[in-house]
Number of protein chains: 2
Amino acid sequence: MYAVIMAGGRGTRFWPRSRKKHPKQLLNIIGEKTILEQTVDRIRPLCPWERIYVVTEKDQAPQIRDLLPDLPEDQLLIEPLGKNTAPCIGLAARLLAERDPEAVMAVLPADHYIAREPDFHRVLTAAGEAARSGDYLITIGITPTFPETGYGYIEKGPNQALPGSYPVWAVRAFHEKPDRARAETMLAAGGFFWNSGMFIWTAAAILKKMAHVTPDLFREIQGLPGTLRHPEWGPALLKAYERMEDISIDYAVMEKADNVLMLEGDFGWNDVGSWEAVYQLAPKDAQGNCLQGPTVALDSTGCLVFSPRKTVALLGVQDLVVVETPDALLICPRERSQEVKKIVEVLEKKGEISLL
Amino acid sequence: MYAVIMAGGRGTRFWPRSRKKHPKQLLNIIGEKTILEQTVDRIRPLCPWERIYVVTEKDQAPQIRDLLPDLPEDQLLIEPLGKNTAPCIGLAARLLAERDPEAVMAVLPADHYIAREPDFHRVLTAAGEAARSGDYLITIGITPTFPETGYGYIEKGPNQALPGSYPVWAVRAFHEKPDRARAETMLAAGGFFWNSGMFIWTAAAILKKMAHVTPDLFREIQGLPGTLRHPEWGPALLKAYERMEDISIDYAVMEKADNVLMLEGDFGWNDVGSWEAVYQLAPKDAQGNCLQGPTVALDSTGCLVFSPRKTVALLGVQDLVVVETPDALLICPRERSQEVKKIVEVLEKKGEISLL
């Protein structure tokens with residue numbers, strides 16, 4: 001199995017720590033290593049370095065090379081433009097199919113958290129076995145634990161008689177992010193799973209399906225040289241990216257495909273979508289505070305404070321997020337941390353380039 | 001009239017801006033100038049530089065010399081130890097009586113705010129006239145505007161037939177800081193005034209009264225050389241301060257004296273006792289925010305933010321105090337800003353010398 005780690009996201013929701021050149025996956029907001037390093041560490045029991053690919057954008061490439069010195073040079077794929085996940089995945093599939101016509105690829109976002117790695121490995125291995133057995137597009141549906149409105153949902157269909165150590169299911173439908181009532185209904189009904197954005201298939205299978213359901217995109221992908229070492233690689237890639245549509249793999253392929261299967265994933269997955277998620281994942285003291293840095297908290301509870309150098313004194317505050325960086329400071333209630341991107345929008349409008 | 005400005009206070013309630021070596025009166029928390037400069041500017045229409053004395057402690061003296069270059073050198077009195085207001089006032093009275101046996105002195109805290117200076121000047125002038133007419137100890141009682149529990153109260157007695165343009169009243173009693181119910185009763189009853197800590201008397205009168213009600217203190221004061229230029233001044237002052245009791249003028253003299261009079265002061269007085277007071281005095285925007293520095297406030301109201309350099313982003317917070325300095329950051333609700341000194345106590349216990 002090959003791993004294709006998608007590491008192009010911007011992560012404005014982690015401002016002021018995340019910046020254009022320093023997005024979420026390059027931050028150590030969960031644990032000591034960056035989220036990207038944790039993602040690579042997590043997959044390495046299944047994939048040695050020779051079978052790990054990372055797709056990113058120009059601005060982040062130097063930092064990723066520094067973080068992952070063992071990643072072979074031509075397995076860091078640098079997109080000239082951000083065009084969402086369909087072109088990214090097509091690009092990786094094109095190169096993998098050329099290198100190994102029977103390659104099974106696991107597409108993994110760089111910026112998620114998984115608590116129980118052995119369970120994750122078992123599901124991923126089973127998905128690989130299923131993928132190898134036919135032209136299936138396999139996705140991991142996460143067993144939902146609460147009526148989350150921030151994720152898309154996958155509706156499970158009938159069980160499939162496929163090889164492998166885990167049950168494999170048909171997918172009846174993909175559902176967009178629901179409202180609260182709909183999310184509660186789905187959770188109560190059962191048979192609905194969070195769309196994790198993790199996919200497992202053979203490179204041949206995804207390319208074949210792309211040729212069918214998104215032929216323009218496929219044509220651009222297929223027209224690329226089969227290796228980064230080709231002298232025309234750079235210009236050809238740029239031309240293709242300029243022409244390709246900005247579209248997710250869900251819209252471009254998954255929702256149109258008739259060969260989508262699903263495995264259930266129950267391994268403590270979290271997409272780390274906001275400071276609130278970081279708070280939930282972090283160790284906390286008896287007052288429910290997670291204090292990263294020299295902090296004095298008096299009569300304060302439920303706060304997440306990141307301030308590695310400066311002493312922060314909290315007095316009589318509850319459930320706040322406080323994030324201190326050399327040039328900016330964020331203060332907001334934890335329950336509103338999904339809205340931090342609004343601050344980035346305001347700073348963009350004000351032309352505060354240095355803070356973006 | 002001579003002005004004696006008491007500038008020895010520590011002001012832990014303005015942490016992290018106030019520090020041991022940089023207390024409240026040396027901060028520009030109200031307006032562009034420091035509170036000490038504003039206090040001096042305010043008295044100068046009544047007292048030229050030759051009649052202004054400032055009493056402070058060793059640590060603050062260099063900064064005060066820088067702030068007040070026009071203050072004659074031997075009118076900056078440096079206490080070797082902080083011993084509260086009675087020794088401080090006794091020291092100034094001793095020197096003034098030597099310089100001018102008929103000196104009338106106005107004792108003024110360095111760290112208060114007064115909105116209506118012409119009214120203040122009129123009251124102070126009238127108090128000086130009354131003081132000059134006899135051995136009276138005159139205090140300014142501030143007309144209360146709400147049931148404040150943080151001040152002592154003065155209970156007004158009968159009107160006195162004294163020269164001057166303002167009515168002068170006897171003082172029936174001094175009352176300690178009341179609880180809320182008692183404060184409300186006093187406000188409703190009328191005839192009770194806030195003890196502002198401003199006093200007007202002749203140097204001779206206060207020394208005479210000290211000799212009577214606090215003879216030990218008086219003996220130390222009277223034993224000092226009559227001028228700073230005396231070769232033994234420094235050692236004599238230190239010896240006296242080591243022996244003198246740490247006691248306020250209220251306890252040592254005012255509450256024991258039978259010749260205390262009062263003028264009513266209604267000139268927008270504020271003792272600037274906390275960040276909340278700063279917020280109340282400061283100009284605010286349409287959202288009720290006072291934002292000092294580059295701040296983005298989304299859906300946030302009633303906040304006081306001091307951050308001259310760093311961009312502060314507030315999202316969805318109400319009535320917070322946020323004070324950012326190079327080495328420390330304070331976050332607390334405005335209504336709890338009286339408790340900021342607790343943070344200083346914790347830092348002291350932790351031995352965080354550099355933050356005190």
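Predicted model: local features only at pLDDT ≥ 70, side-chain atom pairs only at ≥ 80, totals over all residues.
Residues are numbered from 1 along each chain as its sequence is written, with chains lettered from A and ligands numbered from 1 in the order in which they are written. Local features need pLDDT of at least 70 and side-chain atom pairs count only at pLDDT 80 or more, whereas totals for chains, interfaces and linings use all residues.

The contact (C-beta atoms, placed from the backbone, within 7 Å) takes 28 residues from chain A and 28 residues from chain B. On the side of chain A that touches chain B, β13 (295–298), β15 (311–315), β16 (320–324), β17 (328–333) and α11 (340–349) each supply at least two residues; helices (H or I, at least four residues) and strands (E, at least two) are DSSP runs, numbered from the N terminus. The most, six residues, comes from β17(A). Of the interface residues of chain A, 100% are also interface residues in chain B, so the copies meet through the same surface.

Four bridges join β17(A) to β15 (residues 311–315) of chain B, and the two run parallel; strands pair if DSSP finds at least two bridges between them. Within this pairing, L330(A) stands opposite A313(B) in β15(B).

Chain A is divided into domain 1 (2–270) and domain 2 (275–355), with bounds from an automatic or database domain assignment. Their C-alpha centres lie 30 Å apart. Ten residues of domain 1 of chain A are in contact with 14 residues of domain 2 of chain A.

Key
Contact = placed C-beta atoms within 7 Å.
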